[in-house]
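Subject: Structure handover

Hello,

Here is the structure for you to look through. Please open it next to this email.

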Amino acid sequence: MTNNDILRILRYTFDFGDDRMIRVFELGGKVVIRAEVSDWLKRDEDPDFKGIYDKDLAYFLNGLIIDKRGKKDDTLPVAEKTLTNNMILRKLKIALELKDEDILDMLEQMDIKISKHELSAFFRKPTQSQYRLCKDQVLRNFLRGLQMKYRAG
């Protein structure tokens, strides 16, 4: 999955307009203009399409955490230079205050069956032997599950 796909899916899932998107980026610590956001959200074949870097998506996800849960303290979270599917999954879990069972239920609705142990392996540190890489298929189906839960309701 590309970062642009993830941004488009999240915008659709939560029905964010341009102003809300800009505000979420600002909450995460990045000032963006409407044209930037618009170019990131365009389809890949559009001549004005621009790819969004990992760090910029990290700003958005950090802003989403603050938007949904409030600020933890006076410091802004640091936007990672490189994002993995595992990090994206973790940030969304935090932002939406999801429990492991919630994620497993969403994945099961998409016919993806993983155990609680497999899921917890996605949230471990990469240096731990039980750490597992979250594949695109799992993240994509999790995002679809989010759409079913938050877009329908």
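Below is what was found in it.

This is a predicted model: local features need pLDDT of at least 70, side-chain atom pairs count only at pLDDT 80 or more, and totals for chains, interfaces and linings use all residues. Residues are numbered from 1 along each chain as its sequence is written, and side-chain values use heavy atoms, with hydrogens and water left out.

Start with the core. The largest nonpolar core has 45 residues. Such a core is a set of buried Ala, Val, Leu, Ile, Met, Phe, Trp, Tyr and Cys residues joined through side-chain atoms within 4.5 Å. Buried means under 20% relative accessible area (1.4 Å probe, protein chains only). Phe60 and Phe142 have the most contacts inside this core. Helix 4 (54-69) is one of the helices that each supply at least two core residues. Helices are DSSP runs (H or I, at least four residues), numbered from the N terminus. The largest share, seven residues, comes from helix 4.

Phe60 touches Leu7, Leu10 and Phe16, among others. Contact means heavy atoms within 4.5 Å.

Helix 1 and helix 4 pack at an angle of about 25°, with axes 10 Å apart. Axes are lines fitted to C-alpha atoms over the stretch in contact, and angles run from 0 to 180 degrees between N-to-C directions. That makes the two helices roughly parallel (angles under 35 degrees). Residues that meet include Leu10 in helix 1 and Leu61 in helix 4.

Last, helix 5. Its buried residues include Ile88, Leu89 and Leu92. Just after helix 5, Glu97 takes a positive phi of about 50°.

Best wishes

Note on methods:
Buried means under 20% relative accessible area, exposed over 50%, partly exposed in between (1.4 Å probe, protein chains only). Angles under 35 degrees count as roughly parallel, over 145 as roughly antiparallel, 65 to 115 as roughly perpendicular and the rest as oblique. Lists of a residue's contacts leave out its neighbours within four places in sequence.
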